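Biologist: I am new to this structure. Can we go through what the values say and how each conclusion is reached?

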Amino acid sequence: MKNKDIRMQAKGLNVSYGDKQALFDVNLEIAKNKVTALIGPSGCGKSTFLRCLNRMNDVVDSCKIDGIVQLDGFNIYKKKVDVVLLRQKIGMVFQKPNPFPKSIYENVAYGPKIHGLTNSREELDKLVKKSLNRAGLWEEVKDRLEDPGTSLSGGQQQRLCIARAIAVTPEVILMDEPCSALDPIATKIIEELIDDLKKKFTIVIITHSMQQAARVSDYTAFFHLGKIIESGETKQMFSNPRLKRTQDYIAGKFG
Amino acid sequence: MARFDKIIKGYFFLCAAFSVLITVLIVFSVLFESVRFFNIVPVWDFLFGTQWSPQTAMRADQAGSSGSFGAVPLFMGTVLITFIAMCIAAPVGLFSAIYLSEYAPKKTVNSIKPILEMLAGVPTVVYGYFAVITFSPFLRGVGDFFGLSIASESAMVTGIVMGIMIIPYVMSLSNDAMNAVPQSLKDASTGMGATRSETVRLVVIPAALPGIISAMLLGISRGIGETMIVVMAAGLAAKLTANPFEAVTTVTVQIVTLLVGDQEFDSAKTLAAFALGLTLFFFTLVLNVAALFISRKYREQYD
Amino acid sequence: MIKRTTKIAMKRAKKKKNPFKFKLGSSKKNQVHLARRHARERRFRVFGFSAIAASMIFLLVFFASIIADGYSAFTQAQLRIVVTFDQSLVEKGNYRKILQNSLKQQFPEAKGRKQRFMLYKLVSKGGVNSLRKLVDNNPQIIGETDQVWLPASSLIDMYVKGKTNNEVDESKRKIKDLQIKWLEELQANNSVRSVFNTAFFTNGDSREPEQAGILGSIMGSIFSIVVCMLISMSIGIGAAVYLEEFAPKNKLTDLIEVNINNLAAVPSIIFGLLALAIYLNFFGMPRSSSLVGGFALAMLVLPTIVIASRNALAAVPPSIRFAATALGATKVQVTLHHTIPYALPGILTGTILGVARALGETAPLLMIGMVAFVADVPTGILDPATSLPTQIYLWADSPELGFVEKTSACIIILLLILGIVNGTAAYIRKKFQYDW
Ligand SMILES: Nc1ncnc2c1ncn2[C@@H]1O[C@H](COP(=O)(O)OP(=O)(O)OP(=O)(O)O)[C@@H](O)[C@H]1O
Ligand SMILES: [Mg+2]
């Protein structure tokens, strides 16, 4: 990977919750405008790693982080860094759709409003429409923007959450098993959406589905017991993994 | 065997039914005496009269004379003191709850919460004593300093101390409500780059609003029904005023003054206490039931 | 004002230069916006912290002031008086005269009725009883002269404890210069001492502060709590079991539930009115007795117990019930043999919390007359009695200076008892509650 193609980079990342260490010396590069998939058995530290990328772990009292995570070459764990701004740049989509108990419109407008991104109602309207459009939801909800976000179907809710995340024009989007609560059709829609979004955003996605990782990602990192076992181009890793353990996992022999 | 089961089951049912009986007894006894009272003093005069002087009405020549049992000054006094109390308890209780559920680390919460709950365990007679002995002189001193004349039994003193008493209720109920807001919503907000306070103001509080409102209603209900603090620290004279630095009296104070000591049970004076009790019961019932239904609705939302 | 905050925000924004070359972060407008958000965040945090701190400070002031006022009540000043046990007076039982004569002898300069009256006021009226006890226990003292430690009157006690204001003119204070002089004479002879105030724990109420004790109110509290618990436990737990285990889901059950939740928030004084109307006026039970007090309190704490017991029962996992049912137990057997025993720690905790609530409750007891002056320590549930909180109320109302420390001391005792009770509840919860 060339240097200018690297958007984020983790170097020597060690993370522990209290006495329990969850990540051991993790190094990973995340390519710009590509989809990076994190795979690995349950409890191996994928979510922990993902949450380190936008410092969501700051919220957890017991969490101790050691190491470097860079965004465009700057360490985001430096004291001076403003997490608020950082999280605006690095958005997040969660495993279970979690729309706010507000209207669809308010859900998408939430980020722009707190960050003061727009100056007028028209501008905000435009931004909401754009974001919903990008998330492929606009046609479905344009007549019911005032309905509560929770009234949508699961798949729609997850797309609403994606729309909410991209409304603040982030540069990186982190997705923690975004499709695990969805049926195959909704999953397919989201996968197509991810394919579309990567033109503009850098995406990191956690998934338990090997097929999904193979379908949507350009790069893959395989986690096991808090360490990265193998990482590289998805095509290469799925067709010809370097390590036996990776092969076994991809083949469904453990995990 | 089946018979034994039936008896046990019947006993359990009777126990549950007894709790309803208590309510029925309350309503019945209070209502019964109130009706007798309203035979002497018209309801209208009681509810809308602005003169309250039960002592004079006790004399034979004035018995049942109209105008002496106007409860408006008592209602206003109760409202004034409860209002002052909620001005203290609502913000302090709410912000304490916010701090505990969103800011303080878990360890701190575990050590602070029991201490704050101690406040709730202190008997109100102790609060009343504190109001009289310590707080009232202090507030008067402060008043003197600013050239304000504050009555020693002012609504301010009583209201503030009552507010302190209500803080832990508001705090613990709204804390429960805020803790019930799913972590995923808070994460969503944080993940968008919201500051903690934005998450609290824009996500947590709106989501917990029913619970918080219900906490406030219960706080008000407690304030209205509180007896010992006002009996000890508030005034006896029924005065219609909105000045918080003057002494006012409340419904509960009058119930106590009318009934404590020897009394003949049939005088308008003692019956008036039951009419006041009925009013008190009615208003707190409305508040409690409203609070109950609001918080129930809310709980269903997240179940 | 707005301009000023903007300026400050700008300054902050400049200081906190962002290391990222963010499109948005770089514009001045956005930096100001961000700085404002952070300022608001800090303010919010400060509010939250201050709210907690305010409660803490209050609690501190509160305890400090109560303890500062009350700790002195646990000691009592005593005076050493040379007493002559005159035989004829002892035979007549006139110990008052003995005391008075002895005082006169010790301070012969007290002339005239008024001064002598002042002299007699040095020693507590309870001193007479002390003399009588002394003679009863030790008859050979009759006819002798001996030095005897006698409790000082409240007047002297307060002076010794430094609670009186001696700066004001003599006419405006209770303790007179002459009495101070006598006292100083006694002090010079080492004839004034301070001892643990046992009377405070062994006496009933009294009009004389130095003789007033809390035993009567403690007994009253114990009697009424016992009555209250017997009733509220047997009914409360039953009601909880019915609602949690047997009640069908219907309107009636719903009504009972709403009703219990409402009862928990009904002002306590209403329960007093109920007890007054039903128990005193309708059934004619004895006024001021712990029996009626216990009845009133029982209705008051019933909802607390029901709610706590229900929570405890609900925490027992259904799998246990299924297991017992599968073995052929009837519903009642399952409940009696399994559910209730497993829920017992929780039920007990709830009940103890109910006790704590009942212990501190005052208003309903006012209504049924448990605020009368009762000098005798009650010996049964039908005797007129007070309780600790009503005793506090009574003493708080007394004008004598001596009762201020007594009130605070009584509060200290009540709070200690409540602390122990709540501590027990917490202990049981921690130690015995099953972790499902
Ligand atoms: N808040 C926390 N407190 C303590 N330990 C935690 C916390 N979050 C995660 N852990 C621990 O860290 C380890 C890694 O957890 P993580 O959630 O990152 O796993 P994961 O790979 O995302 O698993 P899954 O696929 O099930 O989501 C686990 O052993 C977990 O128990
Ligand atoms: Mg995970």
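This is a predicted model: local features need pLDDT of at least 70, side-chain atom pairs count only at pLDDT 80 or more; totals for chains, interfaces and linings use all residues.

Biologist: What makes two residues count as a contact?

Modeller: Their heavy atoms lie within 4.5 Å. By that rule, Phe18(B) touches Ile235(C) and Leu302(C), leaving aside residues up to four places away in sequence.

Biologist: Why is Phe18(B) called partly exposed?

Modeller: Its relative accessible area is 26%. Buried means under 20% and exposed means over 50%. The value for Phe18(B) falls in between, so the residue is partly exposed.

Biologist: Where is Phe18(B) found?

Modeller: Phe18(B) is in helix 1 of chain B, which covers residues 2–40. Leu47(B) is 29 residues from Phe18(B) in sequence, and their C-alpha atoms are 32 Å apart in space.

Biologist: How much of chain C is buried?

Modeller: Buried residues are 50% of its 436 residues. The accessible surface of chain C is about 20900 Å², with 60% belonging to carbon and sulfur atoms.

Biologist: What secondary structure does chain C have?

Modeller: Chain C has 19 helices and three strands.

Biologist: How far apart are the mean positions of the positive and negative charges in chain C?

Modeller: They are 21 Å apart, for 52 positive and 29 negative charges.

Terms used:
Residues are numbered from 1 along each chain as its sequence is written. Chains are lettered from A and ligands numbered from 1 in the order in which they are written. Side-chain values use heavy atoms; hydrogens and water are left out. Helices (H or I, at least four residues) and strands (E, at least two) are DSSP runs, numbered from the N terminus. Buried means under 20% relative accessible area, exposed over 50%, partly exposed in between (1.4 Å probe, protein chains only). Accessible areas come from the Shrake-Rupley method with a 1.4 Å probe; for residues, only the protein chains shown count as cover. Lys and Arg count as positive and Asp and Glu as negative; His and the chain ends are not counted. The place of a charge is taken as NZ of Lys, CZ of Arg, CG of Asp or CD of Glu.
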